[in-house]
Amino acid sequence: MFHKVLIANRGEIALRIMRTCSEMGIATVAVYSEADAEAAHVLQADQAMLLGPAPPTESYLNIPAIIAAAEQSGAQAIHPGYGFLAENPALAEACQEAGLAFIGPQARVIRNLGSKTTARGIMQKARVPLIPGMMAPCSEPEEMARQADGLGYPVLVKAVSGGGGKGMRVVAGPEDLAEACELAASEAAQAFDDGAIYLERCLESPRHVEFQILADAQGNTVHVFERECSIQRRHQKIIEETPSPALTPELREKMGQAAVAAAKAAGYVNAGTVEFLLDPEGNFYFLEVNTRLQVEHPITEMTTGLDLVRLQLMIADDQPLPFGQADLSQRGHAIQCRIYAEDPAQNFLPSPGVISLLAEPTGPGVRLDSGVYEGYTVPLEYDPILGKLIAWAPDREAARGRMLRALKSFAVLGVQTNIPLLIDVLEAQAFIDGQTFTDFLERHFSGWRQSLEQADLARLAYVLDELSAPAGGEAPASDTGWPTPWQSLGSWRV
Amino acid sequence: MQVIESRINTGSQEYKDNFAHMAGVLDQLNQELAIARDQRSQRALQRAQEQNKLTVRQRLDLLLDRNTPFLELSPLAARGMYGGEIHGAGMVTGVGLVAGREVIIHANDQLIKGGTMYPVGVKKGLRAQSIAMENRLPLIYLVDSGGAFLPLQSEIFPDVDDGGRIFYNQAMISKMGIPQVCGVLGLCTAGGAYIPAMSDEVVQVKNTGAIFLGGPPLVKAATGEEVGNQELGGAEMHCRESGVSDYLAQDDAHCLELLREIVGNLPPNPKTDIGRIEPRPPLYDPEEIYGIVPPNLSTPYDVREVIARLVDGSQFLEFKSLYGPTLVTGWAHIHGYPVGILGNNGVLFSESALKATQFIQICDKRGIPLVFLQNISGYIIGAEYERGGITKNGQKMVNAVATASVPKFTVIIGASFGAGNYGMCGRAYAPRFLWMWPNAQIGVMGGEQAAKVLVTVKNDQLAREGQDPLPPQAVERIMEPIMEAAEKEGNAMYSTANLWDDGILDPAKTRDTLGLAISASLNAPLRDDRLGYGTFRM
Amino acid sequence: MLKYRLQIEGQTAEVALDPEQGLTTLDGNQRALAWRALAPGRLLLELDGKQVLAFVAPAPQGKQVFIQGRSYLVQDAERAPSRRGAGGAGGQPGQVTPPMPAVVVRILVEPGKVVEPGQGLVVVSAMKMETTLAAPYAGVVAAVNTQAEAKVMPGEILVEITPEENHD
């Protein structure tokens, strides 16, 4: 096993990976940008190396600097986390060249699966069901129009190298197609250096159901069941759960086999995720493979008892999986909420700032993968995720209750968070009924405003805080540490 | 330090009677305070509303930090004078917190005769300036005044402590480096125009604030020029053209917000460290003072019972307890601040005066503030005592009190007669603050005593002329008016109306008042002339 | 009796409090109140016998209060930030400021340009998300006080607009 691993990431996922490393006796190397000198992952690591200035291209996306940091620190392997370089084949290649282990699949596999059309080709051969659509990119407007007619509107324009909703457009009718293609192509060219686009049929009200897969270098591939991630804002998941309320054991079996087939067809080694869309009739379609550890991996860990990071490290160290498919089972129900520093009432506007107060939830079945601490400044340069709250319980309703309890005791002050929205989602009848589709937020929560149910108490708390904090707080004139009578007597009058 | 063991029986009839009496006196006081605070003519209120002006109390609420004390000074000034309507002498002064900073505020009350200045108002304003200078407190003026009350101009204008002194003081305060900030929320006419002009920074309210040396009527009379308030001295003009004002405010609230910002922007003023310790409340409830103080000033009681209800933990290190027992001296803490306390337990004898002199000198050398609890009928008189040098020993005490340079605070808790007033740091001895309890009396001597002295003088005169002493009816005729006048002119209400003190205190609030005042006094460094005294007569 | 008029999301209500009697009036109803400050910013309230934890932190021009998963910005309506800046001329509307610390990406107008309400003026970026700051009303751009790639803070006036009609 490696004795030292560099984590080429920041925030909660870097901390998550470090925890497993520490448990395995592996030393950790954090890397960071100038904006992150006081970030939690830097403070937590055994060693921390500065990469460069705040812009990601000069720090967390700077492959030469990361390789140099690994060499200089004597790390034997690099874990890329998620985001940043996790799905960039160039890092995997650079690791290979430098003689470092890359904790993830091979560069070739990442590259193939990173191209949506190439991936569709591979899956077609493996007989994994595909969303009806094109198998190759196209830049000819007439050809696009013909293809769209064939698929039937609405269609989805997608970037071949896309992700996170960028370079993607829903087109309702033929009159909008040309413009949508143009916009998507230019957006994709800007974001991914690749303006290639293609068309897929646009499924209505699908669910997002994904399967965790694990594959070792010895050729063993298993799936570790599904995660349902339909609750999304701006194409980013915010609430995930497992098991999916929509899957029957038969469907689970079928989709799991498809996921394993997909991984095998791609030559996949290490942990990955095969994403499907599931329509109301129970038909499922291949969406894409995420060649990395997912943000929502903890819910799989909670229901299977596995440590996916440990397994990633073992696979990268050429060890075989210590179990087969038949050894795996799901136990109970887990839900994850992503906690973002953002204002859900203002179109999810990021809310950077200093976390002036932090009270974290605890208790049985509650797990918090956090990347922040009280007094920490949430920087404006990166994704505003603060952490992930995971609740596990024997069944879905108990897990939901547990998550609500945890969210209501999760006080984060100094920045706005999406906690109030998460509470409302979890309390919504549609969620209770398991009616979760990818348009859930638009459908039930567009124009959402926070409930004012606690407003009276909040006003009271304001007044009491004024009373209890020595007043005149603007610039304490305390002479020797104790509040002066001016500060301690309150609204005293002669 | 030893805890003072109270001997008060709160169940006794005497305690209950005393308590009931003091409660009654306080009720009266609170009624007077309420009248002074709230009684305003409907017309004035309406006019202020039409102009979109706030009342002076609303202005103070917005200016002061929320939920912080306001140590208002002389709220009953001018009570019973000028027809009895010039509440607080037409202005509010006091010490408070603004943006965390201890400051003194000087605010006109435009609801009383348009905020015009009466003689006692000038005195009250000058007193606020003295407090600013002695304690180095930034001064905030909220000006809304029609200028001098012209019918009384002869009492306001020319003398050393009249109107001109206000601007002289402003110059001296500025020279001392004490910030002065001015909000112009109404008229600043004639001399009044110099209040903003002589301040460091001026905020003027659009439409209502106006500054000019001569108002429109005067200009018209003098030159025939017809011009309006705003054109002549409005905020737009002074902020854009003349440079008389520095900040333009949209309305009163905005003006006060800006003043808060300006005070918040002042450089910090580290307070003098006199070795403060952690504050603790007294062991006994300060309200019990009501039951301790007898209605009649000549009924003796132990001043230690009062001290026990003023000081931290009721702990008191008594100095020279066996010597000169008619004066109690010793060390304690009030709100954590070390203090040296002198409290009367009877007439001052030579020994008590010598003890006071020594104690004051020690406190002065150590930089410990002095608190005087005055309840004194005077120095002892009589042949024996004159032979014992009571006058020269009294001289030593007066000398020490006058020249001690640590902050001094005086509370007249009972009688304040004769030279006792001087020796126990009366107004003329420059205590930083001086308050009276509502039961207190002040005068050259007690009314009955003064009347008897006059009867004796008359009888001596009659005896020299070989006539009979006065018959009882004649004695009564002489004594009654003197006693009546002494009673009227010697009570706390009369004193406070004339600004002989900084206000009448609820005895139960004495401790907090002293704590606030000591804290405020520490904005000034200890004076550097600490070591000097006048010659002590030996 | 302390009286506050406090604003949450634009709604103002009065809170009256008698700390000595342990009474409060909320929404016109008198309630029994007890409380303890457990630590700075952490309060235990007991209202009519029911306990609840509240978390309070200073926020720009008010306090942020968290109770049972709800998080509000509470502002003193009487001391609400004056809609006007300090001391300058006029009422100073026509200011465009970022809602959060951000980096300027593009400037879409230049001085002298006539703008309509809602028209984009400056694009800022925070945490990889772009936000367009729009004109609050019709008028003429009086000044542009920033440039591309500048780091800007809330309260910083990026674009000044002179309103079409000067309401004074």
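Guide: What follows treats the interface, then the chain that contributes one side of it, and finally the salt bridges.

This is a predicted model, in which local features need pLDDT of at least 70 and side-chain atom pairs count only at pLDDT 80 or more, whereas totals for chains, interfaces and linings use all residues. Residues are numbered from 1 along each chain as its sequence is written, chains are lettered from A and ligands numbered from 1 in the order in which they are written, and side-chain values use heavy atoms, with hydrogens and water left out.

At the interface, 21 residues of chain A are in contact (heavy atoms within 4.5 Å) with 35 residues of chain B. The buried area, that is, the accessible area (1.4 Å probe) that two parts lose on being put together, summed over both, is about 2500 Å² for this pair of chains, with 61% given by carbon and sulfur atoms. Of the area that chain A buries against chain B, 36% is supplied by Trp486(A), Trp492(A) and Val494(A), more than by any other three residues. The rule finds 0 salt bridges between chain A and chain B, a salt bridge being a side-chain nitrogen of Lys or Arg within 4 Å of a carboxyl oxygen of Asp or Glu. It does find 7 residue pairs in polar contact across the interface, both residues at pLDDT 80 or more. A polar contact is a pair of N or O atoms within 3.5 Å; within protein, one must be able to donate a hydrogen and the other to accept it, and residues adjacent in sequence count only if both atoms are side-chain atoms.

On the side of chain A that touches chain B, the elements giving two or more residues are α16 (455–468) and α17 (485–488) of chain A. Helices here are DSSP runs (H or I, at least four residues), as are strands (E, at least two), numbered from the N terminus. The element that gives the most to this side is α17(A), with 3 residues.

Chain A as a whole has 17 helices and 22 strands, and 59% of its 494 residues count as buried. Buried means under 20% relative accessible area, exposed over 50%, and partly exposed in between (1.4 Å probe, protein chains only).

Over all chains the count comes to 55 salt bridges. Glu301(A) pairs with Arg16(A), the closest N and O atoms being 2.7 Å apart. This pair links helix α10 (residues 297–304), which holds Glu301(A), to helix α1 (residues 11–23), which holds Arg16(A), across 285 residues of chain A. Both Glu301(A) and Arg16(A) are buried.

In chain B, Glu32(B) forms a salt bridge with Arg79(B), with 2.9 Å between the closest N and O atoms. Glu32(B) lies in helix α1 (residues 13–38) of chain B and Arg79(B) in the loop between β1 (70–73) and β2 (91–98), 47 residues apart. Both ends are partly exposed: Glu32(B) at 23% relative accessibility, and Arg79(B) at 34%.

Arg240(B) is exposed at 51% relative accessibility, whereas Glu236(B) is partly exposed at 29%. Returning to chain A, salt bridges that share partners join Glu210(A), Arg227(A), Lys237(A), Glu240(A), Glu275(A), Glu296(A) and Arg338(A) into one network.
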